[in-house]
Amino acid sequence: MSVWAEASLDSPTARTPSLERSNGSSLPDTPSEMSSYLNAEVYSIKPTDAMALPLQINTRQRALHAPLPDILDPNTAANVRIRHICAIGAGYVGGPTAAIIALHNSNVKVTVIDQDERRIKSWRGRHLPIHEPGLERIVRFARDGTNGSMDTISEQHQDLPMGQAQAGSDRNPSRRPNLFFSTACAETIASSDMILLAVNTPTKMHGVGAGRATDMAAIEGAVRDIALHAKPGTLLVEKSTVPCKTGQLIKDVLEAYRPGVVFQILSNPEFLSEGTAVRDLLQPDRVIIGCESTLSGHRAAAALANLYAAWIPRSNIIPTNIWSAELCKLAANAMLAQRISSINSISAVCERTGADVNEVARSIGMDPRIGTQFLKAGFGFGGSCFRKDIASLTYLAESLALPEVASYWQAVLIMNDFQRDRFARNVISRLNNTLRGKKITILGYAFKKNTGDARESPALDVIRILMQEHPHTIAIFDPLCSESDVKRELAVLDDCRGLVQPNGPIEIVTDSYLACADSNAILVLTDWDMFKNTKPATPDKFEATELPQLDGATPANIFRLPHSVARVTKPPSPPQTPKMTGIGTDLAEDLMSEPECPPSCEECGSFGFGKDSREIGHPLDWHRISRSVKEPRWVFDGRGILDARVMLGLGFRLETLGRQSMW
């Protein structure tokens, strides 16, 4: 009996149905025959034989199998040793996740691999390929180690666990590097005990399911490499957002290339939000671990739980079956996006009736059953998750012959498109239905603040509509998005050749005041704090409780995080930018020095204000801008971050979604 067929009916997660073709034929033998999704017409779920189930507790019938061990019991994985972890994919998920795991498990070697040499070089150098508050300090600590922790460690201390200080030392605990980045994919996979699948899973652009189905090419390619090079018994952990039943696809690929070799497959979805990824990793509200309902499956899940327990309370680790874990990420993003579309639909009603969407949102958010999160009206959600995951969910529902479910979630995307288009059309309408000879300024290209991710930005759709009116200039300013990333995203527009200056109307500028000068309209499309003209909200007071005892030894105050768990006494509104003050000054001085950048380093002279949070946080002088724009000084607030009274006092005409026009 194969490992995947071992099922204990005593386990709450044991009733995972097996999968076979409805016509009785075997599963596909080669990856080329596999589909990214399971077609409901081809595959069917075998009905459970109720007579084969054990009777309820306290009956005399004996269970068919002994109970499976507790995943949250550290002793369950006593015989599963994890010395080397490999993360496939050096992107927004793989890099930060590997860094945090390495930080809190100093006796485990963590290697991030990727075929993109330039990206790996960035992770090794002074300029990380992604921006997240606090990430650079964590990467340096785990990647570079501290002075005296490499060649200067005496031989008699070589057997000490990484991070353990020498006896009698008054210095900070010495630490050898345990976070590495490499392009040697095959060699790293072969030496790893656990492999995290953190590759990109975008939406398919061509073929069956184009525009909705998830492109599983990267997943299939990574699993194929694992099958060819990994040692038997290696633990595979799904970190990428994937459709439900991807675990079956992975099993099929492994079986096709390494028949008879056993690999344990876990699902451990990430719930990171760009801009707060470090905080989400350090203090997650839950960690989902999905596994097979077998003895080996529970042991594998317990091994992963032990890694997380180094800094996360075990009460926050939730074991599930593998299918539930795969689906919960799609469901979570769909629910969050649904709330955004819901309040955006109300904003359209508010504009017609004279109601204020902020007052409505505040009122309904005070209902504890609803809460205040994700009730901020705007011109639509973007990013690499929400639209992609909802499209994937609708396609999955259709594949399972659930058209009503697909239509329900498709409506969330329809409302999002409606809000974005409505915002852009209103700009054109207020400018007398023509943009010829006019300059439009866009403040913010990233889909949200505190990230330089330009992918799937709703600003791109606004620009597409504005370009149809042939404006003289569209000036784009973002404090963090690089010029190359913005140009790459603009390339998807029709007739993209010649769109960017000097041959086209689009200008990407590094000075916000230069971008606004002589502008006919300013569009605020990202909720950067520097764009706001209001004082920062006073943080809510929290009632502190003691931190639960954790398994790890890494001091919680290494990044000056509070020694308490914040318990909200009233609903927070809205979440503020996390303050990551970084490691202490004395510890920073002990870090191994970074390699100097060459004189020709492109990143050192990169576009924007740079990656210093103090520069990014410097507020705009709207009074100065009011003197440089053209009358009647139109400002279109797509994020609801500008104070109407202040803007009116400066002579602006302000249009905000969900409110009546003010001038």
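Phe636 counts as buried, its relative accessibility being 1%, where buried stands for a relative accessible area under 20%, exposed for one over 50% and partly exposed for values in between (1.4 Å probe, protein chains only). The model is a predicted one, in which local features need pLDDT of at least 70 and side-chain atom pairs count only at pLDDT 80 or more, whereas totals for chains, interfaces and linings use all residues. Residues are numbered from 1 along each chain as its sequence is written, and side-chain values use heavy atoms, with hydrogens and water left out.

The chain contains 19 helices and 18 strands, these being DSSP runs numbered from the N terminus (H or I over at least four residues for helices, E over at least two for strands). Of its 663 residues, 50% count as buried. The accessible surface of the chain is about 31,900 Å², with 51% of that area belonging to carbon and sulfur atoms; the areas come from the Shrake-Rupley method with a 1.4 Å probe, and for residues only the protein chains shown count as cover. Among contacts in the chain with a separation of 6 or more, 78% are made by residues 24 or more positions apart, a contact being heavy atoms within 4.5 Å.

Nine aromatic pairs are present in the structure. Trp123 and Phe181 form a stacked aromatic pair, with 5.2 Å from centre to centre and 10° between the planes; rings of Phe, Tyr and Trp (its six-membered ring) pair if their centres lie within 6.5 Å, and planes under 30 degrees apart count as stacked, over 60 as edge-to-face and the rest as tilted. This pair links distant parts of the chain, as Trp123 belongs to helix α2 (residues 117–124) and Phe181 to strand β5 (residues 179–182), 58 residues apart. Trp123 is buried at a relative accessible area of 0%, and Phe181 is buried at 5%. The pair of Trp634 and Phe636 is also stacked, because the ring centres are 5.6 Å apart and the planes meet at 20°; Trp634 is buried, with a relative accessible area of 5%. Phe374, Phe381 and Phe386 are joined into a cluster by ring pairs.

Charged side chains likewise sit over rings, a placement that requires NZ of Lys or CZ of Arg within 6 Å of the ring centre and within 35 degrees of the ring normal. The charged end of Arg624 is placed over the ring of Tyr513 at 3.8 Å from its centre, while Lys109 lies over the face of Phe180, 5.5 Å from the ring centre.

Ser192 is located in the loop between α4 (185–190) and β6 (194–197) and counts as buried at 0% relative accessibility. A polar atom of the Ser192 side chain lies 2.6 Å from the backbone oxygen of Thr188. With residues up to four places away in sequence not counted, Ser192 touches His84, Ile85, Cys86, Lys231 and Thr234. Thr473, in strand β12 (residues 473–477), is buried at 6% relative accessibility, and its side chain makes a polar contact of 2.8 Å with the side chain of His472; such a contact is a pair of N or O atoms within 3.5 Å, where within protein one must be able to donate a hydrogen and the other to accept it, and residues adjacent in sequence count only if both atoms are side-chain atoms. Leaving aside neighbours within four places in sequence, the residues in contact with Thr473 include Lys438, Gln501 and Glu507.

With a disulfide taken as a pair of cysteine sulfur atoms within 2.5 Å, the count comes to zero. Cys350 is buried, at a relative accessible area of 3%, whereas Cys385 is partly exposed, at 24%.
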